[in-house]
Amino acid sequence: IVSAADGTVNGASLADECDTSQAYLSQCLAPMIAAGWLVSRTGPDGGYTALPTAHKVTMLEFFEQLEGPLIDGRCVLDGSACDAEDPCALHPYWSSSRDFFIESLRKVQVVEQP
């Protein structure tokens, strides 16, 4: 990946490194730009730059920004609303595994401190 002195990563180089197109890369990075974690600049000196806010983002925040909340109130078996009074057979196992997964993601930062 080609990186300028200001921390900007060239979009073409990043797309090549990820073995994808620049169009798809920009689609994937759009939620991170919308969240205020990255800035995108066009032109010969353009590319993507991580903003200071990116250094505080946890893997949980990153995942939920891209995919939506991990706890969405739906049953893991059929996608219907989860009924806490009459839970499905997997509820106790799934909820404890999900909670462990969420806590694990919360402990990891996406971007290492400079």
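## Salt bridges

The structure, which is a predicted model, holds 3 salt bridges. In one of them, Arg74 is joined to Asp72, and the closest N and O atoms are 2.5 Å apart. Arg74 has a relative accessible area of 52% and is therefore exposed, because a residue counts as exposed when this value is over 50%. Asp72, at 36% relative accessibility, is partly exposed.

Another salt bridge links the side chains of Arg98 and Asp99, with an N to O distance of 3.3 Å.

## The hairpin of β1 and β2

Strand β1 covers residues 38–41 and strand β2 covers residues 47–50; the two pair in the antiparallel sense over 4 bridges. One example of this pairing is Ser40, whose bridge partner in β2 is Tyr48. Together, β1 and β2 form a hairpin with 5 residues between them. In the turn, Gly43 has a positive phi of about 105°. As a general point, the side chains of a regular strand alternate between the two faces of the sheet.

Ala35 is located in the loop between α2 (22–34) and β1. With a relative accessible area of 30%, Ala35 is partly exposed, since this class lies between the limits of 20% and 50%. The C-alpha atom of Ala35 is separated by 9.3 Å from that of Thr53, a residue 18 places away along the chain.

## The nonpolar core

The largest nonpolar core consists of 11 residues: Val9, Leu14, Ala15, Leu25, Leu29, Met32, Trp37, Leu38, Tyr48, Ala54 and Val57. Helices α1 (11–17) and α2 each supply at least two residues of this core. The largest share, 3 residues, comes from α2.

When residues up to four places away in sequence are not counted, Trp37 touches Met32, Thr49, Ala50, Leu51, Thr53, Ala54, Val57, Glu61, Phe62 and Gln65.

## The loop between α3 and α4

Cys75 is found in the loop between α3 and α4. At 15% relative accessibility, Cys75 counts as buried, because the limit for this class is under 20%. Leaving aside neighbours within four places in sequence, Cys75 is in contact with Ser80, Ala81, Cys82 and Cys88. The C-alpha atoms of Cys75 and Glu17 are separated by 38 Å, and these residues are 58 residues apart along the chain.

Leu77 is found in the loop between α3 (59–67) and α4 (91–106). In contrast to the buried Cys75, Leu77 counts as exposed, at 54% relative accessibility. Leu77 forms a nonpolar patch on the surface with Val76, Leu90, Tyr93 and Trp94. Together, these residues have about 530 Å² of accessible area.

Note on methods:
Residues are numbered from 1 along each chain as its sequence is written. This is a predicted model: local features need pLDDT of at least 70, side-chain atom pairs count only at pLDDT 80 or more; totals for chains, interfaces and linings use all residues. Side-chain values use heavy atoms; hydrogens and water are left out. Two strands pair if DSSP finds at least two bridges between them. Buried means under 20% relative accessible area, exposed over 50%, partly exposed in between (1.4 Å probe, protein chains only). Patches are made of residues with over 30% relative accessible area and no salt bridge: like charges are joined within 9 Å, nonpolar side chains (Val, Leu, Ile, Met, Phe, Trp, Tyr) within 5 Å. Accessible areas come from the Shrake-Rupley method with a 1.4 Å probe; for residues, only the protein chains shown count as cover. A salt bridge is a side-chain nitrogen of Lys or Arg within 4 Å of a carboxyl oxygen of Asp or Glu. A nonpolar core is a set of buried Ala, Val, Leu, Ile, Met, Phe, Trp, Tyr and Cys residues joined through side-chain atoms within 4.5 Å. Contact means heavy atoms within 4.5 Å.
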